[in-house]
Amino acid sequence: MDSILKQYFGFSTFRPYQKEIVEKILDGRDCLVVMATGSGKSLCYQMPPLITKKTAVVISPLISLMQDQVMALKERGIKTEHLSSARNASSAQSIAESGQYDILYMTPEKALLLPSSFWSRMLKTGICLLAVDEAHCISEWGHNFRVEYKKLDKLRDILLDVPFVGLTATATETVRLDIISSLKMRDPHVTVGSFDRKNLFYGVKSFNHSLSFVDELVGELSKYVESACSSIVYCTTVKDAEHIFESLLKAGISAGIYHGQMSNSAREESHRSFIRDEYYVMIATVAFGMGIDKPDIRYVMHYGCPKSLESYYQESGRCGRDGVASVCWLYYTRSDFAKADFYCREANSAGQRKAIMESFLAAQRYCFLTTCRRKFLLDYFGQKCTSDKCGNCDNCTSSKKESDVSREAFLLMACIQSCRGQWGVNMPVDILRGSQSKKILDAQFDKLPFHGLGKEMTANWWKSLADQLIANGYLVEKYADVYRSVSVSPKGFQFLSSCKPDYQPPLYLPVTSEMMGNDENNNPNNEARGFGGLIPAGYEGMSQAEAELHKLLLEERMKLARASGTAPYAIFGDATLRRIALTRPSTRARLANIDGVNQHFMKIHGDHFLQKIQQLSQELNIALDRLPNSQPPIARQVINVPKAKNLPPAKFEAWRMWQEDGLSIEKIANFPGRSAPIKEQTVTEYILEAAREGCVIDWLRFSLEIGLTQEVYKNIQDIVTKVGKEKLKPIKNELPEEVTYSQIKACLTMQELGVSEIATPFNYQHVRKEDENLKETSGMSGETNLSCQKEEQLQNLEFVNGVGDCSRLRNEDAVPDSSIQSRCIEEPVDSSNDLPVATKRQKIGGVLGEATESSILSWLEKFDHGVSLSDLLVHFNGSTESSMIDLLSSLEGEFLIFKKNDLYMLM
Ligand SMILES: [Zn+2]
C-alpha cells in the first residue's frame, strides 16, 4: 500500500484514518467517512481500485467537480473518466464495461439511468466499491438536499456485495444516520475525523454596504493577487456579486464571476479559468463550487451572512485544503438576518423549515460571538474542544474590550418584560428609541415608562446588546415558524430583581464592533491585522534568493500546466513546490523523494524540472541539495515546533549525521570538517540528548555501535533498580568492568523513553567491536561459533519487533553479515573446509560482492519494512558507499524503489 501511495500520490505516509478506511473497504465493509475538507477523504476511495485492479464507481453531484477530479487524477497516471451527458459518454461507457478504468465518476442522475445490463457487465469485470461523494446531499436535514441522492438505494439492490462508501465533510448526527439508512448501509464502519481545520484563521466583521467598504475589499484582494494567491468572495445575492466583480475590474484586477443566472457554458468557463490560475479571484454566489477541487485557495471571504453554519463551514472549508495557512473572513450586516423567511421558502415540510431555521440561527450566533470561533464551530459539529482559545481566530487574537452596560441592559430587559416576551427585538428597541410608529401607538407602548429612554444609542447598538444578552443567557430567543420572539430568562430575572430605577448592579459584557460604532475602523487591533487579517506567509523561512526561486518555479509550473492543459496544482501542490525551492534537488532520486512528487510527474516532467532547478539556482547563486531542516509550515499559527529545536546546533548536527547520513559515531567524532576531533563518547551523548529531545533514533543500530546487548541492558536495569539512577558511578561500580558509561547512559535514556531491551541486539557476540584494520585483514575471526540457527533466531526476533533485519549489523562492528546466513541456506559450503574462516568470508563477500540494480531489487523484495543504506552496504560488501548511492538514486528516480523514514523499499 505504501508503494502505491508514493507511486500515484507522491506521499510516503498516510494521513490520519486513511489507511484504516482503505483496509475496511478492501475487507468489503461499508464505510461512512465524515472528515473535514482537506483531510484527504477522496484518497480513501482512490486507493482501493489501484490495489485491487477493479473499478471504483464514484457518485458525485456536479459535472464540473468530476471534471476537476478526473483532470487531477490523470496527472497522477490513474485511469479515470466521468460519464456525463457529453458526447464521449457512450464510448466511455463501453470502456468502463470492459473494466479499463480505475475510477469512474458519474452523477446520481446518470447512475440511476444506466441500464442494469451496464451494471452486470461492470460487476463481471469487477467493481471494488461504490462511493457517494458529498453524501450529505442525501439528507433532507443536510444543507444541499438532492432528490436523486435519495434514490441511490436502488443501486444497493443491484450491487449486492460491493462495499458502499459515503463521504462528507459536514454531517451532524442526524445527517449521519440519514446517510446510513438512505444508502441501506450494513453495519458500516463509521469514521468521524476532526472538524478542526487548524490552518484556517477565522474572523468576522460587520459592515455597511458603503462605497468605501468595497474599495477596501478591492485593495485587500489585490494583495492576495500580487502574491499569486487564490481567493473566493462568496456573496448572498447575484447583485452583490456583480457589484464587487465590476469594482474589481475597474481597479484593473482580473477576476471571475460565477452565479446561477449565468449560462452553463459561461459558468464552466469561469470555473475552468479559476482552477487553472488564469485569474486569482472568483466572485461567486453559493452556486459556486460544491466540493471545488482546488487545494490552494488562500482566502475565502463571505460578503453577507451565509444561510447556515454548515454551509459556512463547507464554503470556508474550500480555503487552504493543502494544509497551508489560509484565511476566512465573514462580513455581515444586520439586514442579512432578515432573510430567514427567504431561505425557508425552499422548505417542503415543517421539519425542513425547522432545520433551515435552526442552522440559519447558528450562523447568526457565529457572527455575534465574542468568544473563540473555532470552539463554537467545533462544538456545533459535536467535537469536544478542550481549550477555550484557539489562538487562530479574531476573538482569540485581539483583545476584546468589555464595558459596564448595566443600565442599558436593565432598560432593554425591563422593556422586553413589559412586552411580555411576545415580540422580537425590533419592538422593544423601537420603544426605547421613542418611535411613534402605528404599531407602537396601537399597542399603547408609547405609554410605557421606558419609551424614548434609549434615544442616544442607534438601533443597531441596541440589537447588538440584545445579541450579547442572548449569548450570555440573560435573554432567550424562541422561534415559531420564522417569527422570532425574545423573553427574559431566569438569569435575566435574577438581574432585574436586583435592579432599581436609579441603581443597577454592574454588568460587564464584551463590546462588539457594532457597539463601537464608527470607532471600529480605528481600532488598532483591526489596523494591525489589516482588513482581512493575515496574508499567508508563503515565503516564511526562505532567503530572498529562495523566494525568488520559488516565484520562478511557480511560473515554471504554470507553463507545464498550460502546456498539458491542466491546472498548476494538479502538477503538484504549493507545499511540494515550497519543499523543492527549499531543498533544490539535483538528482532524479532526490526530486522523486520529495513529498507530493509522483511517478507520473517524474516520467513526464522530471528531467525538465531538474534542469530548471539547476539552471535557476545557478543564476540565483544558491547551492543545490540543501538538506531540509524543517517541515514547511502547516499553519503559521499552529506550527508544531519540533522538540529538537531546543538542541544546540552541534548536538543536532551530530544526530543528523548519525541518523540521517548514516555515519558511524567514530566517523562523526573524527569528521574532517571539524576543527579538532571530539571524543566518541561525546558524540554518543549528543545523540542520546537528541533522542531525549524527540529526535528519531534507530535504537538497534545505536546499540550495535556502542555494544549494548540485551544481556547488558538487563544487567544495567537490575543494578539501577538496586542503586537508583541518580548517579552513574555507583551503577558502574556494580557492573562488570567492560560495561561502559556510554552503555549505561544509553540504557537509562532508553528506559526514560520507554524503549525496551528488545530494541538492542540479542547477543553480545554479535556486536563485539573490533579494530577496523583487524576486520579488513583477518576478517571475522572469532565468529566461527555463530550458528545459522542463532542468526535466524536473531532475524526472527527483530522482524517480530519490526526493528529491522539481521543485516543491520554493520561492517565496523566486525560481525558476520547476513551473507553467512545466505551461504548457510543457499550455497553449498565451500569445499575447502579447512580454510581459515576469514578467507572463506572474503570469498563469499566477493560472490555477493558488488551490487547491481537487479541484485538490489531482488534483495529488497525480502523486506517488507525496508532496508537502510548501512544494511545494503553490509550486504553488498563489495560496493562502495558512493556507488551504492548512485545505484539507489537511479532506482528511486525510476520509481522502482522509494525511501520512507530512511529505509529503502520496493515500489
Ligand atoms: Zn479562537
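Angles under 35 degrees count as roughly parallel, those over 145 as roughly antiparallel, those from 65 to 115 as roughly perpendicular, and the rest as oblique. Axes are lines fitted to C-alpha atoms, for helices over the stretch in contact, and angles run from 0 to 180 degrees between N-to-C directions. The model is predicted: local features need pLDDT of at least 70, side-chain atom pairs count only at pLDDT 80 or more, and totals for chains, interfaces and linings use all residues. Residues are numbered from 1 along each chain as its sequence is written. Helices (H or I, at least four residues) and strands (E, at least two) are DSSP runs, numbered from the N terminus.

The axes of helix H1 (residues 2–9) and helix H3 (residues 42–52) come within 11 Å and cross at roughly 110 degrees. H1 and H3 are therefore roughly perpendicular to each other. Ile4, Tyr8 and Phe9 in H1 meet Leu43, Met47, Leu50 and Ile51 in H3. Contact here requires C-beta atoms, placed from the backbone, within 7 Å.

Seven strands form an open sheet in the order E3-E4-E2-E5-E6-E1-E7, with parallel pairing. Its edge strands, E3 (80–83) and E7 (189–192), each pair on one side only. The twist averages 15 degrees from one strand to the next. Strands pair if DSSP finds at least two bridges between them. Five bridges join E2 (residues 55–59) to E5 (residues 127–132). In E5, Leu129 stands opposite Ala56. Helix H4 (residues 63–74) lies across E3 and E4 (103–106), at about 165 degrees to E3. Helix H5 (residues 89–97) lies across E2, E3 and E4, at about 125 degrees to E3.

The largest nonpolar core has 153 residues, of which Ala131, Val165 and Ile283 touch the most other members. Its largest share, eight residues, comes from helix H16 (residues 350–368). A nonpolar core is a set of buried Ala, Val, Leu, Ile, Met, Phe, Trp, Tyr and Cys residues joined through C-beta atoms within 7 Å. A residue is buried if 20 or more other C-beta atoms lie within 10 Å of its own, exposed if 12 or fewer, and partly exposed in between. Not counting residues up to four places away in sequence, Ala131 touches Tyr45, Ala56, Val58, Ile59, Val165 and Leu167. A second, separate core of 30 residues includes Met657, Ala691, Leu704 and Ile744.

Buried residues of helix H19 (residues 406–418) include Phe410, Leu411 and Leu412. Among the elements covering them are helix H20 (426–432) and strand E15 (475–480). Arg420, with a positive phi near 60 degrees, follows H19.

How values were computed: Expected span 1.5 Å × (residues − 1). Contact = placed C-beta atoms within 7 Å.
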